[in-house]
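Biologist: Please show me the chain and its model, and let us then discuss them by question and answer.

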Amino acid sequence: MAASTQYPLPFPSSLPSKFTHDFLTHSKDRRLYNLALDTCMKGVCVDESKELPKSMSPEKILSSLNSLEALYQSDVTQPFGLNSPCAKTYVTRCLVGERGTTYKYLGLRMFSSYWGEV
């Protein structure tokens with residue numbers, strides 16, 4: 001018997017406390033943060049800011065993420081199954097990593113933009 005894929009649980013739609021911030025952080029709401037890590041974000045590794053090099057200020061990180069804007073591509077699906085016309089979705093994503101890295105989701109394979117060229 002083939003091993004089945006284990007997907008993380010969805011984030012609960014009824015929350016134990018009210019979410020009042022733009023971002024979910026450990027310091028602002030520890031309970032919801034841990035809930036997210038136990039459900040929809042299971043397996044995510046979090047680097048504490050004190051572990052990052054001093055040269056990586058929040059402003060520099062945000063600027064770097066904004067510079068990736070041109071690399072985002074629309075996802076494409078075949079809403080009526082295989083061999084049907086492809087359709088763009090509202091979802092966009094980009095993959096950045098080592099040369100040759102690929103990512104496949106719902107039949108769409110993306111190739112990474114190399115770290116050194118972005």
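The questions below concern the fold, the surface and some single residues.

Modeller: This is a predicted model, in which local features need pLDDT of at least 70 and side-chain atom pairs count only at pLDDT 80 or more, while totals for chains, interfaces and linings use all residues. Residues are numbered from 1 along each chain as its sequence is written, and side-chain values use heavy atoms, with hydrogens and water left out.

Biologist: Which pattern does the protein chain follow along the sequence?

Modeller: Helices (H or I, at least four residues) and strands (E, at least two) are DSSP runs, numbered from the N terminus. The protein chain has 2 helices and 6 strands. Read in order, the pattern is α-α-β-β-β-β-β-β.

Biologist: What percentage of the 118 residues of the protein chain counts as buried?

Modeller: Buried means under 20% relative accessible area, exposed over 50%, and partly exposed in between, with a 1.4 Å probe and protein chains only. Among the 118 residues of the protein chain, the buried share is 11%.

Biologist: Is serine 112 buried or exposed?

Modeller: Serine 112 is placed in the loop between β5 (108-111) and β6 (113-114). Contact means heavy atoms within 4.5 Å, and, leaving aside residues up to four places away in sequence, serine 112 touches Leu95, Val96, Gly97, Glu98, Gly100 and Thr101. Its side chain also reaches the backbone oxygen of glutamate 98 at 2.8 Å. Because its relative accessible area is 16%, serine 112 counts as buried.

Biologist: What distance separates the C-alpha atoms of proline 8 and cysteine 40?

Modeller: Proline 8 lies in the segment before α1, and cysteine 40 is 32 residues away along the chain. Proline 8 touches Thr39, Cys40 and Lys42, not counting residues up to four places away in sequence. The C-alpha atoms of proline 8 and cysteine 40 are separated by 5.3 Å.

Biologist: Is cysteine 86 buried or exposed?

Modeller: Cysteine 40, at 32% relative accessibility, counts as partly exposed. Cysteine 86 has a relative accessible area of 57%, and is therefore exposed.

Biologist: How many disulfides are there?

Modeller: A disulfide is a pair of cysteine sulfur atoms within 2.5 Å. By this rule the number of disulfides is 0.

Biologist: Where is valine 44 placed?

Modeller: Valine 44 counts as partly exposed because its relative accessibility is 41%. The residue is placed in the loop between α1 (30-38) and α2 (58-67).

Definitions and conventions: Polar contact = N/O pair within 3.5 Å; in protein donor to acceptor, adjacent residues only side chain to side chain.
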